[in-house]
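Student: Could you walk me through this model before I set anything up with it? I'd like to start with the ligands and then look at a few individual residues.

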Amino acid sequence: MKKLTYKFSNSSVDYYLAGSISHLKEIVDQKNSIIITDENISNAHGKRFKNWKTIVLKPGEEYKVQETANAVIEQLIAMEADRKTTLVGLGGGVITDMTGYVASVYMRGIKFGFLPTTLLAMVDASIGGKNGIDLGVYKNIVGIIRQPSFILHDLIFLNTLPQNEWENGFAEIIKHACIKDAAMFRELESGSLRKYHTGKKAVGELIRRNAILKTKLVQRDEFEKGDRKLLNFGHTLGHALENQYDLSHGQAISIGMTYAANMSQQLNGFKDAKKVVNVLEKYGLPTCLKFDKQKVFDVLKMDKKRERAEMNYILLEKIGKGIVKPIPMKELESILNGL
Ligand code: ADP
Ligand code: ZN
């Protein structure tokens, strides 16, 4: 199995991007490992990991909360997990965030690795070491940056991925293209969900490219002082919308990216907002929503990208080049109201 190793400030991560879950036992010691997954994955794919110790959680973002972390920790204690134990998060972003978080606090930190099963987790959530949970409407408000020991991809899991989960993944892929990779943007413009859906080779290559793009961005700026902030394109407004309206993460950031593209035209001389909107729509993502601007702004104010009276907003200079622009909160409020 091909391995790539990426170094971060105080750890390194082994990537097995074209792997198989059957190789997991070569990466970790099976008797000292516990898989954390959710009911859907366990129902659809349980036979692939039937010989492993497993903790199965209820699926869904609403369970990415401290109570679930406590329940997992209680099970770890019951299973006599110790400092030699490795937790393996096998699932989508909810599972990888929760696994990394629990592993980072249980006994002040044990090893963990990921086997992402959604497109979104493969290209985004499992990469970069951000682990955490939500509190009320505030997404990822509690957490820690700590890198997994390994990331293993097995594309077989994508066979059962629901349609809306493909769209979620593509929202992050389009984000990567917008902020960093104009060539990939053009490829997405000429491709389609169908092409990637049916073409194992095409999707494998797209996943690899996106996983590495994000990894390199994080490597340069693990603790988000500069360039890593670009990954928040579409997310400031997106997060504020996500938990208040009935939107998936991909749908919410799609609307966030649409607004950010239009703001980029207004503030930054960006010319291609229409192209961004077209690509989002091509991959089944929404680009407009009527929402209560005041209510959403009240949540948006609490975003982690705010530094006192300014918000670090991610805009585009051109396709493939994102920038961080500090915008005073007052101005941001009036711009949003005007769009
Ligand atoms: P993400 O944050 O990566 O979008 P979640 O962890 O919220 O993903 O998972 C989204 C939903 O998809 C959950 O209901 C989860 O159980 C389900 N799921 C995850 N991976 C798969 C898969 N490979 N096949 C079928 N369902 C899956
Ligand atoms: Zn995201």
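Predicted model: local features only at pLDDT ≥ 70, side-chain atom pairs only at ≥ 80, totals over all residues.

Student: Fine. Which residues come nearest to ligand 1?

Tutor: There are 16 residues around ligand 1, and those that come nearest are D38, G93, T117, T118 and T160.

Student: How much of ligand 1 does the protein bury?

Tutor: Taken alone, ligand 1 exposes 560 Å², and the protein buries 86% of that area.

Student: Switching to the metal: which protein atoms are donors to the zinc ion?

Tutor: The protein donors of the zinc ion, which is ligand 2, are OE of E172, NE2 of H235 and NE2 of H249, at distances of 1.9 to 2.1 Å. Along the chain these donors follow the spacing E-x62-H-x13-H.

Student: Where do E172 and H249 sit in the fold?

Tutor: E172 belongs to helix α6 (residues 163-180) and H249 to helix α11 (residues 249-268), and with 77 residues separating the two, the pair links distant parts of the chain.

Student: Are those two buried or exposed?

Tutor: E172 has a relative accessible area of 0%, so it counts as buried. H249 is also classed as buried, because its relative accessible area is 14%, which is under the 20% cut-off.

Student: What about α11 as a whole, and what follows it?

Tutor: Of its 20 residues, 14 are buried, so α11 is largely enclosed by the rest of the structure. The helix is followed by G269, which has a positive phi near 65°.

Student: On phi values, where does M107 lie, and what is its phi?

Tutor: M107 lies in the loop between α4 and β6 (111-116), and its phi is near 50°, a positive value in a residue other than glycine. In the loop between α4 and β6 there is also R108, whose phi is positive at about 60° although R108 is not a glycine.

Student: How do M107 and R108 come out for accessibility?

Tutor: M107 is partly exposed, with a relative accessible area of 35%, whereas R108 is exposed, with a value of 76%.

Student: Which side chain makes a polar contact with the side chain of E205?

Tutor: That is R208, with the contact at 2.8 Å. E205 is found in helix α9 (residues 200-220) and is partly exposed, with a relative accessible area of 38%. From C-alpha to C-alpha, E205 is 9.5 Å from A18, although the two are 187 residues apart in sequence.

Student: Last one: where is Q30 found, and what does it touch?

Tutor: Q30 is found in the loop between α1 (24-27) and β3 (33-38), and it touches K25, N51 and W52, again not counting residues up to four places away in sequence. A polar atom of the Q30 side chain lies 3.0 Å from the backbone oxygen of N51, while the C-alpha atoms of Q30 and N51 are separated by 8.8 Å, with the two residues 21 apart along the chain. Q30 counts as partly exposed, because its relative accessibility is 24%.

Methods. Residues numbered from 1 in each chain as written. Chains lettered and ligands numbered in written order. Heavy atoms only, no water. Near = heavy atom within 4 Å. Areas by Shrake-Rupley, 256 points an atom, 1.4 Å probe, with all protein chains shown as cover. Donors = N, O, S within 2.8 Å, 3.2 Å for Na, K, Ca; no water. Helix = DSSP H or I, 4+ residues; strand = E, 2+ residues; numbered from the N terminus. Buried < 20%, exposed > 50% of the residue type's maximum accessible area, 1.4 Å probe, protein only. Polar contact = N/O pair within 3.5 Å; in protein donor to acceptor, adjacent residues only side chain to side chain. Contact = heavy atoms within 4.5 Å.
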